[in-house]
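Please look through the sequence and the 3D structure below before reading on. The paragraphs after it go through a few places one at a time.

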Amino acid sequence: MMQTLADASIDLIFADPPYNLQLANTLTRPDQSVVDAVDDDWDKFADFATYDAFTREWLSQARRVMKPSATIFVIGSYHNIFRVGAIMQDLGFWILNDIVWRKNNPMPNFRGRRFTNAHETMIWASRDSASKNYTFNYEALKAGNEDCQMRSDWLLPICTGAERLKDKNGRKVHPTQKPEALLARVILSASKAGDLILDPFFGAGTTGAVAKRLRRNYLGIEREATYARAAAARIAAIEPLPLDTVSPAPSKRAEPRIAFSSLIESGLITPGAILTDSKKRYRVKVRADGAVSLSGFVGSIHKTGALAQGLPACNGWTFWHYEKNGQLYPIDDLRALVRLQLRDAAE
């Protein structure tokens, strides 16, 4: 199925391939009750070489269909993720992060012979090392995380309760159904409304359900008819969220670059004005050419800010402040005004 897709047609891939768990015997609890483990035929491979060949084949197709700006998330356990990662690097993918999904309600280790396996690992990668314009909704993630950068360890529960798909006998439809919260974070992190998301191991359709709710397009590939029917019924019941609730937050990186001299040219700051840091420990004088002077040193707002603090680098836009009505404000506020004026002029 992946071979039928056009080159460079996909914006984001989420892949939850077979883990090749290599279960040789039935798992039991201390009371000898049987653990409902993954023993389906789709997770069985003759040996590591067979699994590696399978992995190389689908990853090669994934890389072919990715747009230059696309990224891919692949999730796995200790059984397979290291083999997958090595093959990804061999094929030319560029790994951006490994993300640890910490389960706050993992299955215990019944035999007491190992640590409780309480996490799975996701590899997030771009198509190659030259991919620079991939989607990463940094500002939105930070705003939703108490204004802190989103970390690479995600504490989320496994799929339970009403979210877990069951058959008419109350049994799980799919043994490894992923929680919607996990897919929501993936999709909100690395895609925009209207993007096309591919899941080549669709399973119970979590990717499609979350994509539809978040107004993304999706393409799911699933060979097991029982899973496909359950996924289709599940997704049909999903109502997309209002567009204004899923549109990406404005990105500062996407905004036009504004030089400090633009503030002078627009009259927001005049030559000779004094800028200080927020605690008034350091002072610079604004020059007509857009540079500032600090104790005889002339340079940019960034270089003078770094020099004042004895640091290798500094964001002068947030370090230097201007005074208005007895209050100090970062000059970044004035840059925002210039950008607003540019937008108004363009309209």
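Predicted model: local features only at pLDDT ≥ 70, side-chain atom pairs only at ≥ 80, totals over all residues.

Begin with Phe202, which sits in the loop that joins β6 (196–199) to α5 (206–213). Is Phe202 buried or exposed? Its relative accessibility is 10%, and because buried means under 20%, Phe202 counts as buried. Which residues surround it, once neighbours within four places in sequence are set aside? Phe202 is in contact with Thr207 and Gly208, with Tyr218, Gly220, Ile221 and Glu222, and with Ala231 and Ile235. Arg114, by contrast, is 88 residues away from Phe202 along the chain, and the C-alpha atoms of the two are separated by 31 Å.

The crossing is right-handed. On the α5 side, the residues that meet α6 are Thr206, Gly208, Ala209 and Lys212. Their partners in α6 are Arg234, Ile235 and Ala236. Sorted by class, this contact has 3 nonpolar, 2 polar and 2 charged residues.

Now turn to the aromatic rings. How many aromatic pairs does a search of the whole structure find? It finds 14. One of them is formed by Phe73 and Trp124, which are stacked with 5.5 Å from centre to centre and 15° between the planes. Phe73 belongs to strand β2 (residues 66–76) and Trp124 to strand β4 (residues 119–126), so this pair ties together parts that are 51 residues apart in sequence. Phe73 and Trp124 are both buried.

A further stacked pair brings back Phe202, whose partner is Tyr218. Here the ring centres are 5.9 Å apart and the angle between the planes is 5°. Since Phe202 lies in the loop between β6 and α5 while Tyr218 lies in strand β7 (residues 217–220), the pair ties together parts that are 16 residues apart in sequence. Phe202 counts as buried, whereas Tyr218 is partly exposed, with a relative accessible area of 34%. Ring pairs also link Phe45, Tyr51, Phe54, Trp58 and Phe201 into a cluster.

Move on to helix α9, residues 301–309. Which of its residues are buried? They are Ile301, Thr304, Gly305, Ala306 and Ala308. After α9 comes Gly310, which has a positive phi, near 70°.

The last stop is Asn80, in the loop between β2 and α2 (81–91). Asn80 is buried, as its relative accessible area is 1%. Leaving out residues up to four places away in sequence, Asn80 touches Pro17, Pro18, Tyr19 and Tyr51. Tyr51 is also one of the residues in the ring cluster.

How values were computed. Residues numbered from 1 in each chain as written. Heavy atoms only, no water. Helix = DSSP H or I, 4+ residues; strand = E, 2+ residues; numbered from the N terminus. Buried < 20%, exposed > 50% of the residue type's maximum accessible area, 1.4 Å probe, protein only. Contact = heavy atoms within 4.5 Å. Left-handed = near helix turned anticlockwise from the far one by under 90°. Nonpolar A, V, L, I, M, F, W, Y, C, P; charged D, E, K, R; others polar. Phe/Tyr/Trp six-rings, centres within 6.5 Å; stacked < 30°, edge-to-face > 60°.
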